[in-house]
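Student: Before we discuss this structure, could you set out the terms you rely on, so that each label can be checked against its cut-off?

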Amino acid sequence: MPVVASFRDLAEAEVASASLDASGISNVLEDEQTIGIAWHYSNAIGGVRLRVSDAAAAEARAMLYEPIEVDWPEASAGAADEECPACGRFALELDSGPRKTLAVMTGLGVPVWFWRSRLRCRSCGFRRRVPVRLRPELLFVWLVTGAAVVVALAALLAIVGFVGVMLARVLGFPPDGRIL
Ligand SMILES: [Zn+2]
């Protein structure tokens, strides 16, 4: 039985073995136990070797060295690993409404209505709104900025009232506000 591949990592070897199994190619992993227990021996003993029958060797090699097509979800932050319903590509990008709202609110210090998230396809330009998901940090900032605005307004009113009374005194009006 020829060796068709060898792997340093057991997990990799097992994936290859399983994918051959799935295609009906029976195979054997050699030194699987040793490397599973002491992976640092892997290089010394030539890795986990994958053997198949002579008849299946060519097919197995073709399978193993063919680039595997996997649509990995994009790892970038805010990306959605969803398939575009319009063009079928995995190119949907999340335009985060809560993030935008958070940026504006912390910048202005004023609670504003939050924007909804949108999904946008980089490939065909398809757009879709995302159902509202109220995020706790957004609610928190909303409450904090709301409270800050209330406090600021109260302080402003108190200052205006105080200045009004002082002005009235300076100008000779009685402090109770009655104009003579
Ligand atoms: Zn699309």
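Tutor: Let us begin with burial: buried means under 20% relative accessible area, exposed means over 50%, and partly exposed lies in between, with a 1.4 Å probe and protein chains only. This is a predicted model, in which local features need pLDDT of at least 70 and side-chain atom pairs count only at pLDDT 80 or more, while totals for chains, interfaces and linings use all residues. Residues are numbered from 1 along each chain as its sequence is written, and side-chain values use heavy atoms, with hydrogens and water left out.

Student: Which label do cysteine 84 and cysteine 121 receive, buried or exposed?

Tutor: Both cysteine 84 and cysteine 121 are buried. Across the protein chain, buried residues make up 22% of the 180 residues.

Student: Why is alanine 148 called partly exposed?

Tutor: Alanine 148 has a relative accessibility of 42%, and it therefore counts as partly exposed.

Student: What makes Cys84, Cys87, Cys121 and Cys124 donors of the zinc ion?

Tutor: Donors are N, O and S atoms within 2.8 Å of the metal (3.2 Å for Na, K and Ca), and water is not among the atoms, so sites may look incomplete. The SG atoms of Cys84, Cys87, Cys121 and Cys124 lie 2.3 Å from the zinc ion, and they therefore meet the cut-off for donors. Along the chain, the donors follow the spacing C-x2-C-x33-C-x2-C. Distant parts of the chain are linked in this way, with cysteine 84 in the loop between α3 (57-65) and β4, and cysteine 121 in strand β5, 37 residues apart.

Student: Why is the arrangement around the zinc ion called tetrahedral?

Tutor: Four donors count as tetrahedral if all angles lie between 85 and 135 degrees; four count as square planar and six as octahedral if opposite donors are over 155 degrees apart and all others between 65 and 115, and anything else is irregular. Here the four donor atoms subtend angles of 105 to 112 degrees, and the arrangement is therefore tetrahedral.

Student: How do you know that β4 and β5 are paired?

Tutor: Strands (E, at least two residues) and helices (H or I, at least four) are DSSP runs, numbered from the N terminus, and two strands pair if DSSP finds at least two bridges between them. β4 and strand β5 (residues 118-121) are joined by four bridges in the antiparallel sense, and aspartate 95 stands opposite arginine 118 in β5. The open antiparallel sheet that contains these strands has the order β4-β5-β6. Because β4 (92-95) and β6 (127-129) each have a single partner strand, they stand at the edges, and one side of each is left without a neighbour in the sheet.

Student: What makes β1 and β2 the edge strands of the other sheet?

Tutor: That sheet is also open and antiparallel, in the order β1-β3-β2, and its edge strands, β1 (3-7) and β2 (27-30), each pair on one side only. Four bridges join β1 to strand β3 (residues 48-52), and four bridges join β2 to β3. In β3, arginine 51 is the bridge partner of valine 3 and of valine 28, while leucine 50 is the bridge partner of alanine 5 and stands opposite leucine 29.

Student: Why is β3 described as largely enclosed?

Tutor: Four of the five residues of β3 are buried, so the strand is largely enclosed by the rest of the structure. By contrast, β2 has a covered face, Asn27 and Leu29, and an uncovered one, Val28 and Glu30. In a regular strand the side chains alternate between the two faces of the sheet.

Student: Why are α4 and α5 called roughly parallel?

Tutor: Angles under 35 degrees count as roughly parallel, over 145 as roughly antiparallel, 65 to 115 as roughly perpendicular and the rest as oblique. Axes are lines fitted to C-alpha atoms, for helices over the stretch in contact, and angles run from 0 to 180 degrees between N-to-C directions. Helix α4 (residues 97-108) and α5 pack at an angle of about 20 degrees, with their axes 10 Å apart, and the two helices are therefore roughly parallel to each other.
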